[in-house]
Protein chains: 2
Amino acid sequence: MTGATPGELDAYLEKQRAPVEAALERAVSALAQGLSEDVRRAAGHGVTTGGKRLRPVLCLVSYRACGGSLTDAAYDLAASVELIHAYSLMHDDLPCMDDADLRRGRPTTHRESGEDATMRAGAALIPAAALQALAACEALGCDREKSVAVTRTLLEASGAGGMVGGQWLDLLGEGKALGPEELDGLHRLKTGALLKAALAMGALAAGATPSVQACLREYGAAIGLAFQIVDDILDATQSVETLGKNPSDATLDKSTYVSLYGLYEARARADQQVSRALSALSAAGLEAPMLSALARYVVQREK
Amino acid sequence: MTGATPGELDAYLEKQRAPVEAALERAVSALAQGLSEDVRRAAGHGVTTGGKRLRPVLCLVSYRACGGSLTDAAYDLAASVELIHAYSLMHDDLPCMDDADLRRGRPTTHRESGEDATMRAGAALIPAAALQALAACEALGCDREKSVAVTRTLLEASGAGGMVGGQWLDLLGEGKALGPEELDGLHRLKTGALLKAALAMGALAAGATPSVQACLREYGAAIGLAFQIVDDILDATQSVETLGKNPSDATLDKSTYVSLYGLYEARARADQQVSRALSALSAAGLEAPMLSALARYVVQREK
């Protein structure tokens with residue numbers, strides 16, 4: 001599997017940006033009905049404040065690779081994953097959690113809209129995301145069985161078995177040296193759960209076979225881990241200006257892949273995960289040049 | 001429709017207590033897997049800390065009245081509604097919201113387990129509740145169509161169109177005189193949405209006709225409003241010891257039914273809502289003595 005070139009991937013990501021953002025805008029508008037000005041503003045800020053949109057793109061590429069067509073409903077499905085990601089960032093940044101001032105080069109949502117509005121907007125995104133996934137599946141013509149499987153996948157990744165589980169492990173890691181297995185376990189939940197869900201949701205909605213679904217989950221787990229290792233490397237080596245956020249992990253004395261393995265070995269481990277991701281794609285037998293390019297992108301990105 | 005006597009209702013509520021609490025314990029145990037000690041403790045505290053369990057009882061009575069049998073799965077379905085109620089109380093009590101110290105005569109969850117664990121446990125309850133409703137419907141033998149309708153009802157009541165919408169209106173009411181329509185609108189969302197959802201979920205799962213469902217929603221809206229009016233009356237007239245919480249609304253200078261109408265007129269309005277609830281039950285043609293007794297209980301309760 002050769003995959004797309006970095007240039008082709010860039011062009012693809014650029015092409016996906018507008019329809020993904022449009023789907024997110026639709027989601028925020030739908031959510032806004034019944035919300036006060038401040039909570040609406042917080043939701044809008046949290047959801048539409050940029051970022052790489054890696055999760056919706058993974059969902060779209062997976063859906064496409066498994067035979068789906070990229071209609072508005074496919075973008076709505078992809079956006080539902082990003083709503084959960086946005087909720088997790090909004091809550092993570094709150095004073096009682098990471099107390100972060102900056103995210104993607106801009107003030108965090110609670111610095112703009114206050115703690116209470118941010119907390120409530122974040123919580124409102126969870127049911128909104130599930131309802132949106134359900135509606136998008138229906139619009140895509142999925143039968144009830146598939147729609148339920150897709151929505152269940154998103155809900156499972158959003159809760160105790162996924163991100164919330166990962167968050168506690170993250171806090172547990174502060175001021176305490178985690179072992180390699182604990183650190184992998186942490187990131188499998190924290191970052192990996194939603195990346196895997198994004199891929200699985202695309203595959204499920206497109207009617208992929210269980211074995212293809214399993215390969216895509218394996219791919220998701222691998223790039224999730226690679227992504228996190230690279231995050232730790234960037235946190236240790238880049239400036240605030242480049243990252244667009246404060247490199248908080250060192251300040252908080254968290255265990256990271258860099259503190260555990262050193263830069264060189266951490267980089268090697270990220271590369272191993274990319275190989276694992278590419279093997280999973282080969283095993284799936286999918287024609288998915290963007291997925292292999294994305295796996296490489298994850299370790300080559302500079303912010 | 002004569003309904004059950006207060007004594008019969010008490011006996012019924014007492015009989016339901018153990019299986020409802022058991023279902024909540026099951027839910028917390030299932031949720032606990034993958035959560036840290038502190039978040040698990042917060043979830044357990046928030047969910048199993050007593051209360052009237054009005055929402056699960058309404059779901060059960062509605063399910064029963066529409067022809068369902070009270071199996072463990074029915075209690076699991078009923079408990080899913082209470083998980084959402086628990087999340088809303090846990091978040092409402094946080095320092096950046098109401099900053100409450102007491103709830104049901106005990107320290108609030110964040111006073112016991114900290115803000116971060118409470119925020120995360122609360123958020124984890126949302127997807128857990130939706131997954132539990134889905135699984136309970138399947139265990140009850142509902143087809144996909146019904147399972148999705150039940151889960152959608154719970155999700156809709158949990159988000160922007162329901163409780164989160166009501167929360168902002170609540171904060172909006174602080175320090176500002178709301179008009180009668182605004183106050184009704186507030187409580188329709190804040191309390192009413194989940195009470196209505198509890199009744200609708202029971203009816204949907206049992207396969208009630210749309211007209212019976214509509215009557216039960218109307219009943220739910222009416223007792224939700226009556227419940228809130230009585231809450232305001234109790235806040236204005238009862239001691240902390242009786243209520244088990246600080247009567248916070250007066251302190252926060254919120255608009256209440258008592259501040260708007262005075263005690264006498266507020267009581268009359270609560271009674272009107274009970275009549276409306278009983279009419280809705282008659283229109284449904286249901287044999288549901290506990291539902292009519294519950295409507296009366298809502299205005300006769302003393303805490």
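This is a predicted model: local features need pLDDT of at least 70, side-chain atom pairs count only at pLDDT 80 or more; totals for chains, interfaces and linings use all residues.
**Exercise 1. Chain A overall**

Task: Find how many helices and strands chain A has, and what percentage of its residues count as buried.

Solution: 
- Start with the secondary structure. Chain A has 14 helices and two strands.
- Next, take burial. Chain A has 303 residues, and 56% of them count as buried.
- Then look at contacts with a separation of 6 or more. In chain A, 74% of these join residues 24 or more positions apart.

**Exercise 2. Burial in helix 2**

Task: Decide whether helix 2 of chain A is mostly covered or mostly open, and list its buried residues.

Solution: 
- Helix 2 of chain A spans residues 37-47.
- Eight of its 11 residues are buried, and the helix is mostly covered.

**Exercise 3. An arginine in helix 3**

Task: Classify A:Arg55 as buried or exposed, and name its contacts beyond four places in sequence.

Solution: 
- Locate the residue. A:Arg55 sits in helix 3 of chain A, residues 54-65.
- Count neighbours. The cut-off for buried is 20 or more other C-beta atoms within 10 Å.
- A:Arg55 has 27 C-beta neighbours inside 10 Å, so A:Arg55 counts as buried.
- List contacts, leaving aside neighbours within four places. A:Arg55 touches A:Val81, A:Glu82, A:His85, A:Leu194, A:Leu195 and A:Ala198.
- Check one distance. A:Arg55 and A:Ile84 are 29 residues apart along the chain, and their C-alpha atoms are separated by 10.0 Å.

**Exercise 4. An alanine in helix 4**

Solution: 
- A:Ala78 belongs to helix 4 of chain A.
- A:Ala78 counts as buried because it has 31 C-beta neighbours inside 10 Å.
- Beyond four places in sequence, A:Ala78 contacts A:Val20, A:Ala23, A:Pro56, A:Cys59 and A:Leu60.
- A:Ala193 lies 115 residues from A:Ala78 along the chain, with 15 Å between the C-alpha atoms.

**Exercise 5. Helix 7 across the two chains**

Task: Describe how helix 7 of chain A packs against helix 7 and helix 6 of chain B.

Solution: 
- Two packed helices are described by the angle between their axes and the distance between the axes.
- Take the helix 7 pair, residues 144-158 in chain A and in chain B. The axes come within 10 Å and cross at roughly 35°.
- This crossing is left-handed.
- Chain A supplies A:Arg144, A:Glu145 and A:Val148, and chain B supplies B:Arg144, B:Glu145 and B:Val148.
- Now take helix 6 of chain B, residues 115-139. Helix 7 of chain A packs against it at about 145°, with axes 9 Å apart.
- This crossing is also left-handed.
- Helix 7 of chain A uses A:Val148, A:Arg152, A:Leu155, A:Glu156 and A:Ser158.
- Helix 6 of chain B uses B:Pro127, B:Ala130, B:Leu131 and B:Leu134.
- By class, the contact has six nonpolar, one polar and two charged residues.

**Exercise 6. A positive phi**

Task: Find where A:Asp99 and B:Asp99 lie, and give the phi of each.

Solution: 
- Most residues other than glycine have a negative phi.
- A:Asp99 has a positive phi, near 50°.
- B:Asp99 likewise has a positive phi near 50°.
- A:Asp99 lies in the loop between helix 4 (72-92) and strand 1 (102-103) of chain A.
- B:Asp99 lies in the loop between helix 4 and strand 1 of chain B.
- A:Asp99 has 13 other C-beta atoms within 10 Å, so A:Asp99 is partly exposed.
- B:Asp99 has 13 C-beta neighbours inside 10 Å and counts as partly exposed.

Methods: Residues are numbered from 1 along each chain as its sequence is written. Chains are lettered from A and ligands numbered from 1 in the order in which they are written. A residue is buried if 20 or more other C-beta atoms lie within 10 Å of its own, exposed if 12 or fewer, and partly exposed in between; C-beta atoms are placed from the backbone. Helices (H or I, at least four residues) and strands (E, at least two) are DSSP runs, numbered from the N terminus. Axes are lines fitted to C-alpha atoms, for helices over the stretch in contact, and angles run from 0 to 180 degrees between N-to-C directions. A crossing is left-handed if the near helix is turned anticlockwise from the far one by less than a right angle, and right-handed if clockwise. Two residues are in contact if their C-beta atoms, placed from the backbone, lie within 7 Å. Ala, Val, Leu, Ile, Met, Phe, Trp, Tyr, Cys and Pro count as nonpolar, Asp, Glu, Lys and Arg as charged, and the others, Gly among them, as polar.
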